[in-house]
Amino acid sequence: MNIWKYSMRSIVKQKINYEIINKIGGKMEYLTLDEIKDVELDLLVKFDMFCKKNNLRYSLTYGTLLGAIRHKDFIPWDDDVDVMMPREDYQRLFVLLEQGEKIDDDISFLTSKSEGYYYHFNKIY
């Protein structure tokens, strides 16, 4: 299975609050960890709907899976969502996105092919 990880964009821990850059107008917003988790759950729900619509298989993994089982929620200190997909589905996901399919109108997708993005995992934000 290929690991496909996504999380919030530009998360920088600052004491209790987290600083993220809002895609609309570059405005800075300060979100608590609980607010970030609400946003991430919304992303995960939209990703799940997209995968079901396109018959793509995925599974929660790492801290997200541990939190779902142990806490019935996110791990209290976790600030991202981890999923993995079988290679076949992972490749179909890329084909769909390259053909203009969108997970949602307000969701962007970064890969190692994206300009200025150098991580080994892909991101939805």
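Reply: A residue counts as buried under 20% relative accessible area, as exposed over 50%, and as partly exposed in between. The model is a predicted one. With that criterion, Asp 89 is buried, because its relative accessibility is 1%.

Me: What makes the contact of Arg 57 with Asp 89 a salt bridge?

Reply: The criterion is a side-chain nitrogen of Lys or Arg within 4 Å of a carboxyl oxygen of Asp or Glu. The closest N and O atoms of Arg 57 and Asp 89 are 2.6 Å apart, and the pair is therefore a salt bridge. Arg 57 lies in the loop between H1 and strand S5 (59-60) and Asp 89 in helix H3, so parts of the chain 32 residues apart in sequence are tied together.

Me: Why is Arg 57 called partly exposed?

Reply: Its relative accessible area is 47%, which falls between the limits of 20% and 50%, so Arg 57 is partly exposed.

Me: Where is Tyr 90, and why is Tyr 90 called buried?

Reply: Tyr 90 belongs to helix H3. Its relative accessibility is 11%, under the 20% limit, and Tyr 90 therefore counts as buried. The C-alpha atoms of Tyr 90 and Arg 57 are separated by 8.5 Å, although the two residues are 33 positions apart along the chain.

Me: Why does Lys 46 count as buried?

Reply: Lys 46 has 16% relative accessibility, which is under 20%, so the residue is buried. Lys 46 is located in helix H1 (residues 33-53). Leaving aside residues up to four places away in sequence, Lys 46 touches Ile 103, Asp 104, Asp 106 and Ile 107.

Me: How do you know that Lys 46 forms a salt bridge with Asp 104 and with Asp 106?

Reply: For Lys 46 and Asp 104 the N to O distance is 3.2 Å, within the 4 Å limit, so the pair qualifies. This pair links distant parts of the chain, with Lys 46 in helix H1 and Asp 104 in the loop between H3 and strand S7 (109-110), 58 residues apart. For Asp 106 and Lys 46 the closest N and O atoms are 3.5 Å apart, so this pair qualifies too. Asp 106 is likewise in the loop between H3 and S7, 60 residues from Lys 46.

Me: Are Asp 104 and Asp 106 buried or partly exposed?

Reply: Asp 104 is partly exposed, because its relative accessibility of 25% lies between 20% and 50%. Asp 106, at 44%, is partly exposed on that criterion.

Me: Which residues touch the most other members of the largest nonpolar core?

Reply: This core has 18 residues, and Phe 47, Phe 50, Leu 56, Met 85, Leu 93, Ile 103 and Ile 124 touch the most other members. H1, strand S6 (80-85) and helix H3 (87-98) are the elements that give two or more residues to the core.

Technical notes: Residues are numbered from 1 along each chain as its sequence is written. This is a predicted model: local features need pLDDT of at least 70, side-chain atom pairs count only at pLDDT 80 or more; totals for chains, interfaces and linings use all residues. Side-chain values use heavy atoms; hydrogens and water are left out. Helices (H or I, at least four residues) and strands (E, at least two) are DSSP runs, numbered from the N terminus. Buried means under 20% relative accessible area, exposed over 50%, partly exposed in between (1.4 Å probe, protein chains only). Contact means heavy atoms within 4.5 Å. A nonpolar core is a set of buried Ala, Val, Leu, Ile, Met, Phe, Trp, Tyr and Cys residues joined through side-chain atoms within 4.5 Å.
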